[in-house]
Amino acid sequence: MERWLEAERDQLFLWLPVALGTGAAAWFVLPERREWVALILIALGLATAAAVRWRGGRAAPFVAMLGLAVAAGTGLAWMRATRVAAPTLDRPAVVRLAGEVEKIEPLPARGLVRVTLGTLRWERPPRRAPLRVRVSLPQRAVPTTLAAGAAMTLRARLMPPAPPTVPGAYDAARAAWFDGVGASGRGFEPVTVRGVGAPGVRDRLTAHITTALAGSAGGIAAALVTGDMGAIDDADSLAMRRAGLAHLLSVSGLHITATVGIVMAAMLRLLALSRRLALTGLLPLVAAGAGAGAAIGYTWLTGSQVPTIRSCVAALMVLAALALGREALTLRLVAMGALVVLVAWPEAVVGPSFQLSFAAVASIVALHDHPRVRAALLARDEPWTRKWLREAVSLLVTGAVVELALMPIAVFYFHQAGAYGAIANIVAIPLTTFAIMPAVAVALLLDAVGWGAPAWWVAGRAIALLLWIAHGVAALPGAVRAIPAMPLGAFATMVAGGVWLALWRTRARYLGLALLAIGAAWTLVPSAPDLLITGDGRHLAVRQADGGLALLRDRAGGYVRDVLAQNGGIDGVPGLLSDSPEARCNRDLCWWQRRVDGRWRRVLGTRSGYTVPVERLATLCTSADVVVSERRLPRRCRARWLTLDRDALAHSGGIAITFKDERVVRVRREGDEHPWVTAGEEPRRSPAHGRAEHYERCRLRSWAPACAGAWRDR
């Protein structure tokens with residue numbers, strides 16, 4: 001062990017952010033307070049034991065560092081969640097409120113404007129009045145001059161932050177908790193605005209760009225400059241995602257790097273025109289300073305989002321390394337960037353943005369640090385044809401490695417795996433870096449004197465080519481493969497294997513390949529769920545004999561359809577249960593049955609809020625394996641296996657059921673004490689206290705015997 005760690009001594013520091021992130025991630029995974037405390041104590045005990053037994057060598061300090069980092073990561077995540085705590089709406093409500101505009105997000109492709117309001121004043125405050133809400137308004141109801149700091153009065157229908165719709169879906173409640181948003185919803189006209197003021201620089205730039213370039217071209221250009229993606233058409237956005245090019249629309253490392261590179265190159269060329277300045281040898285330092293200023297300014301302009309700040313920190317570290325004459329792109333630099341982000345925002349570790357960004361950078365650096373790869377890419381005297389061929393192969397291999405590194409993350413969060421992303425990015429990344437971004441930058445500069453039209457034309461043609469590539473790749477057979485929700489254990493195993501493979505340098509690193517293989521096999525073992533039920537009980541999707549999904553309700557929103565399709569592992573639009581030959585449906589009920597693994601499975605679901613005769617409903621319930629309803633079912637309606645009505649789903653959340661092995665996966669875990677889960681819950685009371693209170697309420701209303709009998713039956 002000591003000999004191995006001595007050989008890996010330069011790599012030991014890299015495990016500090018890994019251990020810190022592991023502790024933070026464990027806090028999000030473990031449900032109960034006592035488990036968080038136990039993890040911290042175990043990690044501290046391990047670190048203490050290692051420190052006490054240290055008699056020289058590297059093993060004990062390394063173990064102590066890991067233990068302290070895991071404890072610190074768990075504590076930082078816990079502290080961060082406590083520090084951002086704010087009241088959360090506990091039930092839907094239609095309210096009238098006034099507040100100060102904090103953030104404006106135009107969504108012209110959908111005809112909406114999303115406004116975040118703070119410093120709220122309520123006409124009739126709800127029981128748990130939030131401190132900040134997010135409201136979507138019709139575009140026509142919002143003045144074009146609306147700016148942060150204005151006062152807005154409106155009527156809105158607010159909803160509590162939504163938990164995952166089904167297992168594996170996006171957790172909006174957790175994201176809203178760390179954003180301090182206690183409710184979201186839709187506002188109604190009319191809207192009263194006072195003190196609209198002038199839009200900020202970011203809003204003015206976005207409006208200017210979308211005016212110069214119509215449609216999705218303007219939306220993509222605005223996304224590259226200000227980070228605002230609201231003007232991109234849904235069809236174009238979907239094509240970019242399916243082609244593996246969605247990362248180009250989110251301001252991150254690529255855009256910061258391109259901005260810094262363009263500014264540094266321009267400064268070097270301009271300052272080199274002066275012989276005196278060129279002979280001082282300080283031009284690289286001056287250019288690096290200009291690049292640092294450009295990175296900071298670009299981060300501010302794009303809204304200072306966490307991914308952009310993370311990329312800016314990494315760029316500043318690269319520039320500092322260049323100024324000091326050190327090697328810039330190393331895993332140590334990547335580790336320092338991750339460490340800064342995890343200390344400031346420990347919740348980022350469970351977000352796809354953080355994981356995708358650092359996985360891509362770490363895989364690129366680790367690949368090019370390999371001696372054989374470095375030797376193959378070493379500059380040499382050779383014909384230009386061979387040089388360009390080697391560069392093309394390098395881009396292809398790098399793109400393939402990055403795609404493989406990002407695939408587990410994409411499957412876990414988005415339930416899709418792309419097949420041609422590496423090939424598409426070979427053209428799309430240079431096109432964006434060397435054509436679109438410079439053309440947009442030149443156009444904005446020339447617009448100051450009214451000469452920007454030719455540059456906008458070039459930018460528009462380049463963006464049209466990018467969209468053509470995206471649509472062409474997305475339409476190829478097998479461009480995207482839909483995969484059901486990946487088990488958390490499989491994802492953790494694959495992440496551990498990838499980190500092990502990237503961070504070590506001796507032959508022991510190849511043990512990571514075994515972990516990757518185990519995680520991949522684990523992902524493929526579980527069957528796709530046969531039944532998906534949303535947490536409100538209104539929607540369910542049943543797997544058909546042909547492998548597709550059929551929805552209970554004929555009118556389901558696009559968001560619900562997409563979520564059920566993605567988590568059900570299908571690429572396309574689910575069908576309707578009323579059209580299925582395996583189901584019989586009327587306006588109020590749907591009955592589905594199919595033979596699964598040699599056994600008949602039957603599901604009964606309610607489709608409306610109208611009551612059904614109790615006798616008939618009870619007969620159907622006793623014949624069904626699973627009964628699902630958005631309302632409270634009568635006591636006589638009990639399925640043979642699972643009865644999932646409003647009360648049951650309130651405790652379990654969304655559910656995924658696999659009939660073959662009778663596996664049930666729930667969104668909510670028993671005893672989960674994370675603050676965004678418990679925010680809307682009533683304080684726990686003993687069952688005896690609840691029965692006494694209910695009986696007293698019945699007695700005052702003169703129907704105590706019936707109530708007592710109901711409670712006894714219950």
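## Burial and the model

A residue is buried when its relative accessible area is under 20%, exposed when it is over 50%, and partly exposed in between. This cut-off sorts the cysteines below. The structure here is a predicted model.

Take Cys585. Its relative accessible area is 29%, so Cys585 is partly exposed. Cys590 has a relative accessibility of 1%, so Cys590 is buried. Cys312 is buried too, at 7% relative accessibility.

## Two disulfides

How many disulfides does a search of the whole structure find? It finds two.

One links Cys585 and Cys590, with an S to S distance of 1.7 Å. The torsion about this S-S bond is about 100 degrees, so the disulfide is right-handed.

Cys621 sits in helix α22 (residues 614-623), while Cys637 sits in the loop between β15 (626-628) and β16 (642-644), so the bond ties together parts that are 16 residues apart in sequence. The torsion about the S-S bond of Cys621 and Cys637 is about -60 degrees, so this disulfide is left-handed. Cys621 is buried, at 0% relative accessibility. Cys637 is also buried, with a relative accessible area of 1%.

Strand β3 covers residues 132-138. Why is β3 described as largely enclosed by the rest of the structure? Five of its seven residues are buried.

β3 pairs with strand β2 (residues 112-122) in the antiparallel sense, over seven bridges. In this pairing, Leu117 stands opposite Val133 in β3. β3 also pairs with strand β5 (residues 183-194), in the parallel sense and over four bridges. Here Val135 stands opposite Gly185 in β5. In a regular strand, side chains alternate between the two faces of the sheet.

## The second largest pocket

The second largest pocket has a volume of about 570 Å³. Its lining has 19 residues. Nearest its centre lie Thr259, Met437, Ala441, Leu444 and Leu445.

Which helix gives the most to this lining? α17 does, with seven residues. α7 (215-226), α9 (253-271), α11 (283-301) and α17 (421-446) each supply at least two residues. By class, the lining has 17 nonpolar residues, two polar residues and no charged ones.

Notes: Residues numbered from 1 in each chain as written. Predicted model: local features only at pLDDT ≥ 70, side-chain atom pairs only at ≥ 80, totals over all residues. Heavy atoms only, no water. Buried < 20%, exposed > 50% of the residue type's maximum accessible area, 1.4 Å probe, protein only. Pairing = 2+ DSSP bridges. 1 Å grid on protein atoms, 1.4 Å probe; cavity = no way out; pocket = protein on both sides within 12 Å on 5 of 7 lines; lining within 4 Å. Points joined across faces, edges and corners; volume = space filled by probe spheres on them. Nonpolar A, V, L, I, M, F, W, Y, C, P; charged D, E, K, R; others polar. Disulfide = S-S within 2.5 Å.
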